Amino acid sequence: MECRILSIQSHVVRGYVGNKSATFPLQVLGFEVDSINSVQFSNHTGWFCLFRVERNAFPFRAALQISPVNESFLDKSFLEVVVSIIQELKKATPGLVYVCDPVMGDHGLLYVPENLLPVYKNEVVPLADILTPNQFEAEESISVLQVMDLLHEMGPDTVVLTSTDLPSKHGDQFLVALGSQKTSKVFRNPDGTSSSQKICMDIPQVDAVFVGTGDLFAAMLLAWTHHHPKDLKTAFEKTVSVMQHVVKRTFTYANEMAGPGNKPSAAQLELRMIQSKADIENPSVVVEAKVL
Ligand code: ADP
Ligand code: PLP
Ligand code: ZN
C-alpha cells in the first residue's frame, strides 16, 4: 500500500530545515511526500542573515528578488488554514496521522506572534496524533483546564486556581478563577475523558495590590469545602464572596486614609480582617460561579 505524507513546512533555498529536512529522508524510506511550503526563505533562522523569497514575483527573474525578513514566519490566519485542512483530511481519511511540531519558541523566548498561542492550544494540539514540542512549547501548549487535570492526577481531589490570565467575558475589570473537583473515585473515564466538575468565576477586580489575599482565600476554601464537601460551586462562591467583601472594604478604608488623589500605602492596604467579621461568618454571595 502506498504511504503518502502531506508536509506543510518552511522551504529554504540553501540548507535543511522544514520541508527540506523532511522530504528527502521520508522519500528514502519509501513514502510519497506531497509538500506545501508555508514560506520560502533563503536559509534558516540560525544564519547571520535571512531573506524571504518573494512568492508572487513575476517575471521569473523577479522571483529571485529577495527581501529582508523582519516579521515572523508563521501567522494566525495561516495556522487556521492548516487546522481546517487537517480537519477535512481527517474526515476524509480515517486513520490519518497528524504529526505536529509546534513552532512557538525556545528557552523562554517566543518567536511567533502571541495570538498564535490560543490557536495552538485550543485547535492544533487537540487535532495532533503525535506532538513534538520542546519544553517551552510543551508548557505553552497546555490549557489551564488541563493543568487542573494534571494536578488532580498528582493527588488533590480539589484544585482551585485563584487567579489566571484568562480573559473574562465581562471585560478586563474582572479576573478569572477556576476550580475543579473530582466527581468519582475512578478519575479518568474509559474513553479518556476526565470525570471532574469544572467551575469558572469572574471576579470583579479592585484597583490595588493586596497582600495576604491568597492566604485568606486558602483558609476560606478550607472552611467552606468542609461545610460543602461535595459542592465546590457553593464553597467557591462563598470563598470568593468573602474575598470581595474584604478587599472592597479594605480598599474603601485605605482610600479614605490616603486622602483624595493619593495612592494608598501598603500599610493602609493591610486587610481589614476584624472589620469584616460578619462577612466572614456569613458571607452574602455576591459572585456567581459558572459550571463549565
Ligand atoms: P496569590 O496571592 O495566591 O497569588 P491572589 O492574591 O492573586 O492569590 O488571588 C487570591 C484571591 O484574592 C483572588 O481569587 C481574588 O478573589 C482576590 N483578589 C486578589 N487581588 C484582588 C484584586 N485586586 N481585586 C479583586 N480581588 C482580588
Ligand atoms: N523553518 C525555518 C525557516 C527555520 O529557520 C527553522 C529553524 O531554524 C524552522 C522552520 C524550525 O526548525 P526546528 O526543526 O529547529 O524546529
Ligand atoms: Zn521544531
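1. How many nonpolar, polar and charged residues does the lining of the largest pocket have? The lining has 27 nonpolar, 11 polar and 5 charged residues. Here Ala, Val, Leu, Ile, Met, Phe, Trp, Tyr, Cys and Pro count as nonpolar, Asp, Glu, Lys and Arg as charged, and the others, Gly among them, as polar.

2. Basis of the note. This is a predicted model: local features need pLDDT of at least 70, side-chain atom pairs count only at pLDDT 80 or more, and totals for chains, interfaces and linings use all residues. Residues are numbered from 1 along each chain as its sequence is written, chains are lettered from A and ligands numbered from 1 in the order written, and side-chain values use heavy atoms, without hydrogens or water.

3. The largest pocket holds about 1,400 Å³ of space. A pocket is an open set of points on a 1 Å grid over the protein atoms alone, where a 1.4 Å probe fits, with protein on both sides within 12 Å along at least five of seven lines; lining residues have an atom within 4 Å of a point. Volume is the space filled by probe spheres set on the points, which are joined across faces, edges and corners. Strand β1 (4-12) gives the largest share of this lining, 8 residues. Strands (E, at least two residues) and helices (H or I, at least four) are DSSP runs, numbered from the N terminus.

4. The second largest pocket holds about 740 Å³. Among its 22 lining residues, Lys121, Val144, Asp165, Leu166 and Pro167 are closest to the centre. Helix α4 supplies the largest share, 4 residues.

5. Domain 1 (4-141) and domain 2 (144-291) both line the second largest pocket, so this pocket lies between them. The bounds come from an automatic or database domain assignment.
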